[in-house]
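Visitor: Can you walk me through this one? I'd like to start with the domains.

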Amino acid sequence: MISVPDLHNRLTKLGCHIVAIQAPEGLKRFLPRLADELRLLGYEVIISGDPCYGACDLDLSARDRADVLVHIGHTPVDGTELVIYEPWPVDGDISVIREVIPRLKGKKAGLVTTVQHVHLLPHAARILKDKGIEPVIAGPSPRTPCRGQVLGCSFEAARKTGAEEIIFLGTGLFHPIGIKIATRARVFACDPITGKIEEPDSDRLLRVRFGLIQKARDAGSYGIIVSSKTGQCRSQLADHLCSLSDKAYQIVIGEVTPDQLLNLGFPCYVNTACPRLAYDDQVRFSVPVLTPGEFEILCGVRDFDDYEVDEII
Ligand code: SF4
């Protein structure tokens, strides 16, 4: 939940009258209520109805029709102007941290989480300290402005801890697997909603990715996907990938869907947009969608032993 009086203060300071509001899919239903509250305060409100998956995915056409875009649920990943970010904190049961302590081998552990749980980290750190474990929480990075924050496209806060054991406080295994590949540390996925603790297995993912690279070797051409979204556009990387093969073609695209890739007809794609597309969504695509590093392996300029999880730096 966000504080409307705080938001009102920020909007007043900026002298805004017309406000565009945007939220990711899970929070979109909150937007009409927020619009009502802002209208009662005298604002004209425009609701963004396009899909939104992160702060990389700002609705600039809605912003351009307003004085400012209020983006809910995330923190900034770039310097796009006239955007106010309103994270959406989600509470959970922090006792899962107590439960993980007996499983640690050392006396020091890195502590990371996603933006919705960053407010829980100080409490989690105190629990570790009380039990004689030194918690290491990394400072902010350009794409992750909160201490200890990781994103599906940035595990910098985990790497910066330098710890051999890392505790991820959050839901799902995507981030913990990414952290494990990025750091080679022992990783514990501690879910503050279910109370479940898991040690993610990155080997299975790596085996799948190896199989995809092998399959892609037979492709006669490669579509290099370049995102038109503000915080996902890696055009220099796409140029580099194109320079590795004369069978590579750049494709600028906003929403990457199975239908679009099917219609374009390439037998293999290389994704420079949101890294989760290649990892999470491969099952939805009928042809291999490689990461940039995987394409380098295919082109012979990188060894599979040097596999790096795809991140936006
Ligand atoms: S690029 Fe992907 S992982 Fe990164 S912020 Fe955007 S949606 Fe999230």
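Visitor: What distance separates the centres of domain 1 and domain 3?

Guide: 32 Å, taken over C-alpha atoms. This is a predicted model: local features need pLDDT of at least 70, side-chain atom pairs count only at pLDDT 80 or more, and totals for chains, interfaces and linings use all residues. Residues are numbered from 1 along each chain as its sequence is written, and side-chain values use heavy atoms, leaving out hydrogens and water.

Visitor: Where do the domains run?

Guide: Domain 1 is 4-86, domain 2 is 95-198 and domain 3 is 202-306. The bounds come from an automatic or database domain assignment.

Visitor: What area is buried between domain 1 and domain 3?

Guide: About 520 Å², with 52% from carbon and sulfur atoms. That is accessible area (1.4 Å probe) lost on putting the two parts together, summed over both.

Visitor: How many salt bridges across that interface?

Guide: The rule finds 1. It needs a side-chain nitrogen of Lys or Arg within 4 Å of a carboxyl oxygen of Asp or Glu.

Visitor: And which side chains meet in a salt bridge at 3.2 Å?

Guide: Those of Lys229 and Asp57, N to O.

Visitor: New topic. How many aromatic pairs?

Guide: The count is 7. Rings of Phe, Tyr and Trp (its six-membered ring) pair if their centres lie within 6.5 Å; planes under 30 degrees apart are stacked, over 60 edge-to-face, the rest tilted.

Visitor: Why is Phe210 with Phe304 edge-to-face?

Guide: Because their planes sit at 75 degrees, with ring centres 5.0 Å apart.
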